[in-house]
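The sequence and structure come first.

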Amino acid sequence: MRKPKSKELIWVGSSLEDLQTFPSKVRQVMGFALYLAQTGEKHPNAKPMKGFHGAGVLEVVDSFERNTYRTVYTVKLGDEVYVLHAFQKKATKKIATPKHDLDLIRQRYEQARKIHGQCVKRR
């Protein structure tokens, strides 16, 4: 059986540092989800992020000890997976993602587009 081609993982902003603050069990879930994204697969906990139609922005959600953690990434920019944001959602009820997190995701998506454009120019 052939090993699937792996896409490069690119961390935007403080996403890596933020993910490293998650509990170990959550980091394992997020790491596996990102690995699957790199190989063209999708983790069962990954779903399209609302408000980013056509941008291929997905979020992985995991809960641990009554806290919810999210990692947001996109796979639609070439052959790379851009990790845009990793955060703990403070609200305990099913309410929308806070505006400041959505704004940060949009800002980092634009950063990822610029990074991708620079990489394409260098090739």
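## Arg-108

A polar contact is a pair of N or O atoms within 3.5 Å; within protein, one of them must be able to donate a hydrogen and the other to accept it. In this predicted model, a polar atom of the Arg-108 side chain lies 3.0 Å from the backbone oxygen of Leu-84. Arg-108 belongs to helix H3, which spans residues 99–122.

Arg-108 is buried but has no salt bridge. The nearest side chain of opposite charge is that of Asp-18, 4.3 Å away; a salt bridge requires a side-chain nitrogen of Lys or Arg within 4 Å of a carboxyl oxygen of Asp or Glu. Beyond residues up to four places away in sequence, Arg-108 touches Val-12, Gly-13, Ser-14, Ser-15, Asp-18, Leu-84 and His-85.

## Overall fold

The protein chain has three helices and five strands, in the order β-α-α-β-β-β-β-α from the N terminus. Of its 123 residues, 41% are buried. Among contacts with a separation of 6 or more, 51% join residues 24 or more positions apart. The chain exposes about 7,900 Å², with 52% supplied by carbon and sulfur atoms.

## Nonpolar cores

The largest nonpolar core holds 15 residues, of which Leu-19, Phe-22, Met-30, Val-60 and Tyr-73 touch the most other members. At least two residues each come from helix H2 (24–38) and strands S3 (57–64), S4 (67–74) and S5 (80–89). H2 gives the largest share, five residues. Apart from this core lies another, of 14 residues, including Met-49, Leu-77, Ile-105 and Tyr-109.

Conventions
Residues numbered from 1 in each chain as written. Predicted model: local features only at pLDDT ≥ 70, side-chain atom pairs only at ≥ 80, totals over all residues. Heavy atoms only, no water. Helix = DSSP H or I, 4+ residues; strand = E, 2+ residues; numbered from the N terminus. Buried < 20%, exposed > 50% of the residue type's maximum accessible area, 1.4 Å probe, protein only. Lys, Arg positive; Asp, Glu negative; His and termini not counted. Contact = heavy atoms within 4.5 Å. Core = buried A, V, L, I, M, F, W, Y, C linked by side-chain atoms within 4.5 Å. Areas by Shrake-Rupley, 256 points an atom, 1.4 Å probe, with all protein chains shown as cover.
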